[in-house]
Each structure stands twice: as C-alpha cells, then as structure tokens.
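Reader: I am new to this structure. Please show me how to read it.

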Amino acid sequence: MKKHRMLYFLFTATLSASIVMSTSACSLGDLFRPDDDDTTQTLPTEDDAQIRAVYDSYVQNCAEQGRKELSYEEWLASVKGEKGEDGNGWHYGNGTPSQALGKDGDLYLDYATWNVYTKDGGSWTLRGCIKGEKGEDGNGGEAAGNAELTIHFLELGNKYAGDCIFIQCGDVEVLIDGGSRTDSADTIERYVDQYCTDGVLEYVIVTHADQDHIAALAGDQSHKGLFERYVCKTIIDFPLTDKTTQVYKRYVAARDAEVQAGAVHYNALQCYNNEGDAKQSYSLGEGVSMNFLYNYYYDHKTSDENNYSVCMYIQQGEYRYLFTGDLEEDGERRLVANNSLAPCKLYKAGHHGSKTSSTEALLNVIRPEYVCICCCAGSPEYTSNNNNTFPTRDALSRIEKYTDNIFVTSLATNVDLSAKTWDYTSLNGNIVVKSDGSAFSVTGSNHSQKLKDTPWYLANRA
Ligand SMILES: [Zn+2]
C-alpha cells in the first residue's frame, strides 16, 4: 500500500468514533479553526497559501529532524482525509497535545512522532502511531515503526550512589545526570564513547543540584567535567535550587561555559510551558519523543532539594519510560495530580530506591513493568539501618506489588554498617534496555538476573 493511502486509511479508521458523533457537514475553515489557548500549531483557514505555509513549516521540521517528508499531496491526504464530513475539530502539532486544546471527539496528530490521540472525557488518549509496519498492515496502532531506543543505566566507577543514564535513539544522544563524584567522568566517558562516536550529546538533562547527579558534569582540578569532554547541544535543568555548595558552583560555571561555547540552555519549566524556543516535547526519532512533565516544585520552594527534580518521560509508540530524578513522596503526589500520567513500560526508581520515593500514589498510576535502580545495593552511605540502605525494603515491597522485573546497577561488599565502611562491585552492572516499541530487552553487563533472585536480595530483603 502506498504511504498516503495508508495514512488515509488509518485516519478514516481512527476517526470512525468521531464520525458517528457528527451532526453536520462543515468547511475546512471550520475544522481547522485555531483555539485561542492552543499552544500547538493548528491548521489555518481554507486559504490555500496558508495551508501551503503550514506544509512548508512541516517540511522544515522534517529537515531539522532528518526525517523524509511527505509530498504536498500525500501530506494533504494525510491531514485532510474525510474529515470534511465528520463535524469534529482536529489538530496537529509538534509534540503531545496540551490538555487545554480541543474538545471531546477531536483528533490530534503529533507530527514529531506520528502518534494519534483522541479526546475523550476531557483528556487526550494515545490511539496509536500511523507510521511504519503497523500502518502498512492496516492495524493502525500499537507500537511499531518506531526508531530503536537504547537506555543505559550506568555504573559510576566508585562505591557511591548516583545517577547517570545514557539514552540513544539513532544518532540522537541524551544524558540524564552525571553523578556521583568527579572521577565518575572518566568511567562515564569510557562507557559513552562506545556508543557516541561524534563527541556530541544532543541533550543533557540535569534533574537537580545534588552532588550525586552533577559531580561528573561539573568536574574539578583533577577531572575534567563532562560538559568539557562533550559538545552538549541542549542543556535542560532544574528551575529551582537552594544549593550553595562548591560542586554546585562548579556545575553552574561549567554549564555556563558550555552555553558560551554554543549550547542552548533551558530549565524544565520553560520546556513545560513551551516558552520561547524551549519545547515540552522533543522528537528523538521516528515514533520516539522526550516529554517534560510539570513538577509543582519547578515554581514552588521546598526544603527538600530532591523535590526540585526535573521529571520527564520518553514515549516510544505505546511504551513509556519515566524518569523522576530523586523526587520524593510529596513531589510524586503532586506529579500525579498535575499531569496525565499513564502506565509505564519502565520506571527509573526515584531517589535510588529510597523509602520516601516510589510511593503507592505514583506506582498506582504508572504501574511499571520494569524498574531500574541506580545505587550501590546495601551500602551504608546514608544509613546504618540495613532496611533503609538503597534499595530500601519499603520501596521494594511497594514496587513488587506491580513487578518483579527489578534491576540494580551496583552492589556493596565488605559492608560494616556501624563503621559505615564498604567496597563495591557490580550487581547487574551497566543495565542496558533496548526496545523498538514492541520487542523489549534488559541486559546487565555483569548478569541479567532479577533482583529477587540475587544472593543480596535473598540475604537482605526476602
Ligand atoms: Zn540522588
């Protein structure tokens, strides 16, 4: 089936529900009337030149993202279809639809990912992706034709808890955080360079200002930071912090030097609000987007630095991967209240598996199938109470109600809880998650056992 016929067919199929609701025929102008509070782009009036202008911006967008564009005729067929008769509005834009946009029965096309949404009961529901194999077989739906995505949860080359997550989608690379100490920069660089061959990180996301998330980004006298080692194109970090530490100051200096050298810098609130050139949703590849959520503590002060964490998810077809930094209970509760969260294929356990994160309020909504935890299991770094060492007994028992697909980067050895001394080795090691939106795998560089089957779990958490 030719592409435009495929798109046409799928739109017709996707629209069947709203066609039933149609009451009267209306013109193209009616259908594409922009909403006042629409933060996405909406098709203009029936004026052909204006429609052409929208097509031109779509072509430009394709060029920027290295995607092949549809011809004008194909594009027109894909965005018009039979909607002239259905009476319902529909919209399209570069990114996920805002809740304020549209009314029940409306349709939305995200042309960054080709995901299609419909609005029911006041909220947008993802109906499928109209590109690729699934489209060709006429099923119009789940997850296929998506770019392959690899997510690496890194070991950090020392015994301390910290986050560093490297994500690759085609030649687009995303780094979330650079913990835990400045010497981690060597470990991280060695690892990342196996995959990133051009020395460019398209996006660096920095969740919050605690050392175990920024130390390797900042660097120091003896270890160059990651900002210095890579060309970082877009840096997105936390809007608020109360930190005055040396490592935070070095982070700001290194980040600002990277901006001087040409990087673009936004905070997560600017992204969430689509302020200026900042975007709530970035396309990482075909069918794959990175989306910033609203965290109440982007613009409200708190005494808990962890709650300032940048929260975002990656959508790949119907799979969702959620990252919440070190967000704690109160932040999680507000995250659920302020966003339309959906079940997640994978969740990076908040705050290294702390007992005050991964709370039922969040888990009940995201219902994770896989959970990855960045920590040194059983280390007395923050406590001499074995139950509260990361990953904590409390967090694990809450998570286990949803899944036993739990994986952990490192393991503490030679632990002396009262003296708070320990060494480290790999548990799963570097955890590599790979998916094309339907096939899905988790592999540890050391081993790929689930946490519940490991000797550490059996001795300390069973
Ligand atoms: Zn942390």
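Reader: How many helices and strands does the chain have?

Author: Helices (H or I, at least four residues) and strands (E, at least two) are DSSP runs, numbered from the N terminus. The chain has 14 helices and 20 strands. This is a predicted model: local features need pLDDT of at least 70, side-chain atom pairs count only at pLDDT 80 or more, and totals for chains, interfaces and linings use all residues. Residues are numbered from 1 along each chain as its sequence is written.

Reader: Which residues of α9 are buried?

Author: A residue is buried if 20 or more other C-beta atoms lie within 10 Å of its own, exposed if 12 or fewer, and partly exposed in between; C-beta atoms are placed from the backbone. In α9 the buried ones are Val 247, Tyr 251, Ala 254, Arg 255 and Glu 258. They lie on the same side of α9, because their arc around the axis is only 100° (taken from the directions from the helix axis to the C-beta atoms).

Reader: Why does such spacing give one side?

Author: An α-helix has 3.6 residues a turn, so residues three or four places apart point the same way.

Reader: What does the face of α9 turned away from its buried side carry?

Author: That face carries the exposed residues Gln 246, Lys 249 and Gln 260.

Reader: In what order do the strands of the open sheet run?

Author: Two strands pair if DSSP finds at least two bridges between them. Eight strands form the open sheet, in the order β10-β9-β8-β7-β6-β5-β19-β20, with mixed pairing. β10 and β20 stand at the edges with a single partner strand each, so one side of each has no neighbour in the sheet.

Reader: How many bridges join β5 to β19?

Author: Five, and the two strands run antiparallel. Phe 153 has Ile 431 as its bridge partner in β19.
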